Amino acid sequence: MADTQTEGEKWRWIFKSGAKGLCPRCGKGHMFRSWLKVVDRCEVCGLDYSFASPDDGPAFFSLCIVAFPLLFVVVWFQVAFSRLSGSMPSPRCR
């Protein structure tokens, strides 16, 4: 990545590298061994990824992507179909 890049070019580089899981330095080597496992270093430029200790971050974001939308679907399903089964009292007309 050249030092003469504009701010917009830097952000495009960051998002492109991140979305494709590529090395932040060279943009060619892979950063991940599997879904949540970071490799030790870039196979192209040799960048050491020990600075990027993921800890529980990847698991948390994966959980957010899957669990929160699923929670909304389950709640919607419960509310939508509970009236059909009679488990929720219907509002009285006055």
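Asp 56 sits in the loop that runs between α1 (7–20) and α2. The model is a predicted one. Asp 56 has a relative accessibility of 62% and therefore counts as exposed, since the cut-off for exposed is over 50%. Along the sequence Asp 56 and Leu 36 are 20 residues apart, while their C-alpha atoms lie 9.6 Å from each other.

Pro 24 also belongs to the loop between α1 and α2. Its relative accessible area is 34%, so Pro 24 is classed as partly exposed. Pro 24 is 18 residues from Cys 42 along the chain, with 9.4 Å between the two C-alpha atoms.

Leu 71 is part of helix α2, which spans residues 57–85. Together with Phe 68, Phe 72, Val 75 and Val 79, Leu 71 makes a nonpolar surface patch of about 510 Å².

The accessibility values discussed above are collected here.

| Residue | Relative accessibility | Class |
|---|---|---|
| Asp 56 | 62% | exposed |
| Pro 24 | 34% | partly exposed |

The remaining topic is the pocket. What is the volume of the largest pocket? The volume of the largest pocket is about 170 Å³. Its lining consists of Gly 18, Met 31, Phe 32, Trp 35, Val 38, Ala 52 and Pro 54. By class, the lining of the largest pocket holds 6 nonpolar residues, 1 polar residue and no charged residues. Gly 18 is one of the lining residues, and Gly counts as polar.

Methods. Residues are numbered from 1 along each chain as its sequence is written. This is a predicted model: local features need pLDDT of at least 70, side-chain atom pairs count only at pLDDT 80 or more; totals for chains, interfaces and linings use all residues. Side-chain values use heavy atoms; hydrogens and water are left out. On a 1 Å grid over the protein atoms alone, a cavity is a set of points where a 1.4 Å probe fits but cannot get out, and a pocket is an open set with protein on both sides within 12 Å along at least five of seven lines; lining residues have an atom within 4 Å of a point. Grid points are joined across faces, edges and corners, and a volume is the space filled by probe spheres set on the points. Patches are made of residues with over 30% relative accessible area and no salt bridge: like charges are joined within 9 Å, nonpolar side chains (Val, Leu, Ile, Met, Phe, Trp, Tyr) within 5 Å. Accessible areas come from the Shrake-Rupley method with a 1.4 Å probe; for residues, only the protein chains shown count as cover. A salt bridge is a side-chain nitrogen of Lys or Arg within 4 Å of a carboxyl oxygen of Asp or Glu. Helices (H or I, at least four residues) and strands (E, at least two) are DSSP runs, numbered from the N terminus. Buried means under 20% relative accessible area, exposed over 50%, partly exposed in between (1.4 Å probe, protein chains only).
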